[in-house]
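Have a look at the structure first.

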Amino acid sequence: MKKWLWASPESSGQIISKRRQEQELQVLTEDCTKKQKGGENKDVTGEVLKTHKAIQSLDKTISTLQMELAATRSSQEMGSVNGSSGTSTSYHGGPPRKKSFVVIGINTAFSSRKRRDSVRETWMPQGEKLVKLEREKGIVIRFMIGHSATSNSILDRAIDSEDAQHNDFIRLKHVEGYHELSAKTKIFFSTAVATWDAEYYVKVDDDVHVNLGMLAATLARHRSKPRVYMGCMKSGPVLYQKNVKYHEPEHWKFGEEGNKYFRHATGQIYVLSKDLATYISINQLPNKPRNPSGQQRGDIAQVCQRRCFTRFLVYWTGS
């Protein structure tokens, strides 16, 4: 007769209890593993953020040192230039420069003949009157323009013909283009500093009509002040979002998100004193994508005294 063996109730309960313990142990083990991995991920992310902040801090320090070095170079250059005497001075061993009170560069384009004619018919003297203004008042006025991408193109020949008629252009070593306005502005200041030994240098657009008398009187009041930067001053938010127009690729240099640019002049017209224009001429940095209005926001604003124009100094036609 066969004997059947039956497990006692106690042994079945022990088996079930053991399995529950194993399952709980497995759950606890998996949970600990996940927490450990999560902690490792947080540690890695934290280290990346620390490294990124350290790099930004180092870049800011380098930028500050570059600015200080550039300012020192400009001061030395100004010292050597101011040490010269006579009616004209030489710049970097070049030809003698003409002494002037202010040099006004009117930014223009190949397609802006009507605007130039409007300027000539209103606030810019012509012919002998322009020469007399330069000789007696020290006020130099020139349209500034570069060259086309094609050598001796029909556009260049048209400007040459216009200049032969009016003799009121300064040709820049620059290829014209809307997205190269910042480079064009810096080249103008460098060219003007190398050509004229002036107390002030002005950049103005060809759709702005200037009150020359008010401009001269305003500049004369600031002759004794160093590093003068005048214009219609403004400030706006730093555009750090990548998907917006005029995105600032180096937005972090201006501080945390939500910060504003340094106070700076709008692009229609602004004035730089001799020392600041010399600073730009000596320390031309590589161009970076910027608002094409021609602003050098950070470069200029950190080394100058910013002042506002008097009312009715200029009239913008908006054409």
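**What the labels rest on**

Helix α7 (residues 274–282) is mostly covered, with eight of its nine residues buried. This is a predicted model, in which local features need pLDDT of at least 70, side-chain atom pairs count only at pLDDT 80 or more, and totals for chains, interfaces and linings use all residues. Residues are numbered from 1 along each chain as its sequence is written, and side-chain values use heavy atoms, with hydrogens and water left out.

Q: Which residues of α7 are the buried ones?
A: They are Lys-274, Leu-276, Ala-277, Thr-278, Tyr-279, Ile-280, Ser-281 and Ile-282.

Q: Why is Arg-116 called buried?
A: Buried means under 20% relative accessible area, exposed over 50%, and partly exposed in between (1.4 Å probe, protein chains only). Arg-116 has a relative accessible area of 1%, so Arg-116 counts as buried.

Q: What is Arg-116 in contact with, leaving aside its neighbours within four places in sequence?
A: Contact means heavy atoms within 4.5 Å. By that rule Arg-116, which lies in helix α2 (residues 113–121), is in contact with Thr-108, Ala-109, Phe-110, Phe-143, Ile-159, Glu-162 and Phe-169.

Q: What makes a set of residues a nonpolar core?
A: The members are buried Ala, Val, Leu, Ile, Met, Phe, Trp, Tyr and Cys residues joined through side-chain atoms within 4.5 Å. The largest such core has 28 residues, of which Ile-104, Ile-106 and Ile-141 touch the most other members. Among the elements that each supply at least two residues of this core are β2 (96–107), α3 (128–137) and β3. Apart from it lies another core, of 22 residues, including Ala-198, Tyr-229, Tyr-270 and Ala-277.

Q: Which elements count as helices and strands, and how many of each does the protein have?
A: Helices (H or I, at least four residues) and strands (E, at least two) are DSSP runs, numbered from the N terminus. On that basis the protein has eight helices and 10 strands.

Q: Where is confidence lowest and where is it highest?
A: pLDDT is the predictor's confidence in each residue, from 0 to 100. Confidence is lowest in helix α8 (residues 297–301), at a mean of 44, and highest in strand β3 (residues 139–147), at 97. Over residues 1–9 the pLDDT is below 50, and this stretch has one contact in the model beyond near neighbours in sequence. Where pLDDT is low, the predicted coordinates should not be read in detail.
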